[in-house]
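Subject: Structure handover

Hi,

Here is the structure I said I would pass on. Please open it alongside this note; my findings follow below.

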Amino acid sequence: MLLAAGLVSALLYVEVVRSLYATSLNSPSDLGYLLDRSTTQAIESGYLALWNDPTFTSGETAFWHDFLQLMARYVGLGQPDDYTFDMLMSSVVTGTPLGLGLFIVPVTVGGPVYLIFSLPIPLVVMVLILLGWIWTWAISATARMSNLFTGVMAAILIIGIRMFLVNGNGAYLVINLLFTSILLWLCALPIWIDKLRKDSSLRNSRNHVVLKSGPSRHG
């Protein structure tokens with residue numbers, strides 16, 4: 001029953017989203033489209049990246065190339081013809097030409113493929129294992145919720161790891177999640193300072209009571 005309800009909901013969602021895009025409005029709206037969208041189309045970009053083996057003329061890895069391009073763009077120093085790894089793969093997958101003012105269709109190569117173009121293979125395996133360990137810790141940390149700082153950090157890690165494994169584009173995620181984390185911590189800073197002040201006042205009050213009462217003496 002739950003499986004049937006989920007399948008019907010997925011079909012309705014696909015139909016609504018499909019009707020919003022001119023490029024897919026005339027495509028068949030059946031179960032085959034849903035299966036194709038969630039299987040072959042989901043891995044097409046990553047497969048083509050491995051098949052074409054794109055490289056950057058500067059010799060940089062995908063992560064470092066993207067990081068430099070995005071940081072330059074954010075501070076207003078980017079060039080119109082500077083494209084990230086995902087943009088280059090979009091041109092390969094969709095045939096969209098790269099150029100100033102041209103729309104670039106977003107594609108997702110996936111985290112493992114992005115790592116392959118960013119690190120040596122042994123390090124890719126180690127990073128994936130590390131991400132699995134961090135994911136396990138983050139899930140456990142959100143369940144315990146020992147303090148606000150740990151809970152926020154764990155939630156950000158869960159969102160970030162999931163997005164990276166599905167989409168790739170690691171440099172973009174690192175930059176934006178770090179920026180988001182800093183903003184969240186700054187928003188929580190007054191609460192932490194107030195809590196520390198109250199805890200300090202409470203400790204001082206207890207110490208004052210202990211010192212005032214003191215041990216009784218009998219001469």
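**What I found**

V174 sits in helix α9. Helices here are DSSP runs of H or I with at least four residues, strands are runs of E with at least two, and both are numbered from the N terminus. V174 is partly exposed, at a relative accessible area of 35%. The cut-offs are these: buried is under 20% relative accessible area, exposed is over 50%, and partly exposed is in between, with a 1.4 Å probe and protein chains only. From V174 to F164 the C-alpha distance is 9.4 Å, across ten residues of sequence.

Some ground rules. Residue numbers start from 1 along each chain as its sequence is written, and the model is predicted, so local features need pLDDT of at least 70 and side-chain atom pairs count only at pLDDT 80 or more. Totals for chains, interfaces and linings use all residues, while side-chain values use heavy atoms, with hydrogens and water left out.

**Overall**

The protein has nine helices and zero strands. Along the sequence the pattern reads α-α-α-α-α-α-α-α-α. There are 219 residues, and 24% of them count as buried. Now contacts, meaning heavy atoms within 4.5 Å. Take those with a separation of 6 or more: residues 24 or more positions apart account for 51% of them.

**The core**

The largest nonpolar core has 20 residues. Such a core is a set of buried Ala, Val, Leu, Ile, Met, Phe, Trp, Tyr and Cys residues joined through side-chain atoms within 4.5 Å. The residues with the most contacts inside it are A49, F85, M89, V109, Y114, F117 and F164. Two or more core residues come from each of α3 (40-52), α4 (62-74), α5 (85-94), α6 (111-116), α7 (121-144), α8 (148-167) and α9 (170-213).

**α3 against α5**

Two packed helices are described by the angle between their axes and the distance between the axes. For α3 and α5, the axes come within 10 Å and cross at roughly 90°. Axes are lines fitted to C-alpha atoms, for helices over the stretch in contact, with angles from 0 to 180 degrees between N-to-C directions. The two helices, α3 and α5, are therefore roughly perpendicular to each other. The classes are: under 35 degrees roughly parallel, over 145 roughly antiparallel, 65 to 115 roughly perpendicular, and the rest oblique. On the α3 side, E44, S45, L48, A49 and N52 make the contact; on the α5 side, F85, M89, V92 and V93 do. Those residues divide into six nonpolar, two polar and one charged. Here Ala, Val, Leu, Ile, Met, Phe, Trp, Tyr, Cys and Pro count as nonpolar, Asp, Glu, Lys and Arg as charged, and the others, Gly among them, as polar.

**Between α3 and α4**

D53 is in the loop between α3 and α4. D53 is partly exposed, at 48% relative accessible area. Setting aside residues up to four places away in sequence, D53 touches L48 and F117. D53 and F117 are 64 residues apart in sequence, yet 8.5 Å apart C-alpha to C-alpha.

**Along α8**

L148 belongs to α8 and is partly exposed at 37%. Beyond its neighbours within four places, L148 contacts A188 and W192. The C-alpha atoms of L148 and W185 are 9.7 Å apart, with 37 residues along the chain between these positions.

T150 is also in α8. At 17% relative accessibility, T150 counts as buried. Its contacts beyond four places in sequence are W137 and A141.

Leaving out residues up to four places away, N167 touches D86, T108, V109, G110 and G111. N167 and G46 are 121 residues apart in sequence and 9.6 Å apart in space, C-alpha to C-alpha.

**After α8**

Which loop holds N169? N169 lies in the one between α8 and α9. N169 is buried, at 19%. Most residues other than glycine have a negative phi. For N169, phi is positive, near 50°.

Best wishes
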